[in-house]
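Student: Here is a structure I would like to go through. Can we take the terms one at a time?

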Amino acid sequence: MILSGKNLSDRIKAGLAEKVRGYADAYGRRPCLAVILVGEDPGSLIYVRNKERACTEVGIRNITLRFPEDVEQSVLSEEISRLNSDGEVDGILVQLPLPAHIDKNVIISAIRKDKDVDGFHPLNVAALWQKAPCMLPCTPKGIMRLLEEAGVDPKGKRAVVIGRSNIVGLPVSKLLLDANATVTICHTRTADLPSITRQADIIICAAGRAGLLTGDMVPEGAVVIDVGMNRNAEGKLCGDVDFESVSRKAAYVTPVPGGVGPMTIACLMENTVEAFLRHVG
Ligand code: NAD
């Protein structure tokens, strides 16, 4: 079965929009998300546009601040500091990747923890690993919501995560552990990846390699979540999963596009509304 992130994200956004409608009267303002975009990276331009569109759907005020590729780091830091102290801004998101001359860690750490709607601030990362209240990173949060939607309780299940990045692989592994799955994290140095995936009940594929996961690597009845966002030879968006062969084996598989991508944005909207509610009350 195809596990649609598009349908679920539409429902999440519609639910949020209904709540947000009453906020202007109740609190005197709407939630607000500020997005910082540096340069003209084509992927980033698309992501930022999709985030703006989602804000409009939900009723979140959106400010996109655009800077040229050669912007100085100090200019970004000053802008973040201004947004940190702006009482009308609830969420601050810096669109990644940043140009090489900018230290991403310095910029992310400059965001106030309670406005870090991406969940990348070191204090939010630490809170996640300490099981303390935190802003959850959007993609891992969206993946867990997709599993819930499929009625899959990770408790006692063997989950295999392919990828160990700070933004997807590691945090989703932690969320799966917290949900009592037995988690194996695989990466480029993993020996004999197919022998590991063949034992999985849940496979989260977040490698950024088109066609990495094929049907022969997937046991009958597994749940497969495809996080990858790649371009194939024709320039078309595709995931890490060979959808054709994997969908013949898996009980559930997410499509690309229309899977994890829309869920990431819906969870960003949710994080922004949660930040707003903490700020107003
Ligand atoms: P990354 O490059 O930081 O990390 C990729 C990880 O995959 C690494 O840990 C690497 O060891 C592992 N890997 C790469 N090739 C492998 C292979 N052949 N076998 C086993 N492991 C391998 O990437 P990332 O930021 O974690 O993103 C991963 C993918 O997910 C990318 O395609 C990215 O565009 C996509 N992504 C999608 C969303 C979304 O909302 N849909 C969000 C974030 C990232």
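**The pocket and the chain**

Tutor: The largest pocket has a volume of about 1,400 Å³, a volume being the space filled by probe spheres set on grid points joined across faces, edges and corners. The model is predicted, so local features need pLDDT of at least 70 and side-chain atom pairs 80 or more, while totals for chains, interfaces and linings use all residues. Residues are numbered from 1 along each chain as its sequence is written, and side-chain values use heavy atoms, without hydrogens and water.

Student: What makes a residue part of the lining of the largest pocket, and how many residues line it?

Tutor: A lining residue has an atom within 4 Å of a pocket point; a pocket is an open set on a 1 Å grid over the protein atoms alone, with protein on both sides within 12 Å along at least five of seven lines. By that rule 50 residues line the largest pocket, with Y47, T139, M229, G261 and T264 nearest its centre.

Student: Which element gives the most to the lining?

Tutor: That is α3, with eight residues; helices are DSSP runs of H or I of at least four residues, numbered from the N terminus. The α3 run spans 42-58.

Student: Why is the chain called compact?

Tutor: A compact globule of 281 residues would have a radius of gyration near 19 Å, and the chain has 19 Å, so the two agree. The radius is taken over C-alpha atoms, and the rule is 2.2 Å times the number of residues to the power 0.38.

Student: What share of the residues counts as buried?

Tutor: Buried means under 20% relative accessible area with a 1.4 Å probe, protein chains only, and 49% of the 281 residues qualify.

Key. On a 1 Å grid over the protein atoms alone, a cavity is a set of points where a 1.4 Å probe fits but cannot get out, and a pocket is an open set with protein on both sides within 12 Å along at least five of seven lines; lining residues have an atom within 4 Å of a point. Helices (H or I, at least four residues) and strands (E, at least two) are DSSP runs, numbered from the N terminus. Buried means under 20% relative accessible area, exposed over 50%, partly exposed in between (1.4 Å probe, protein chains only).
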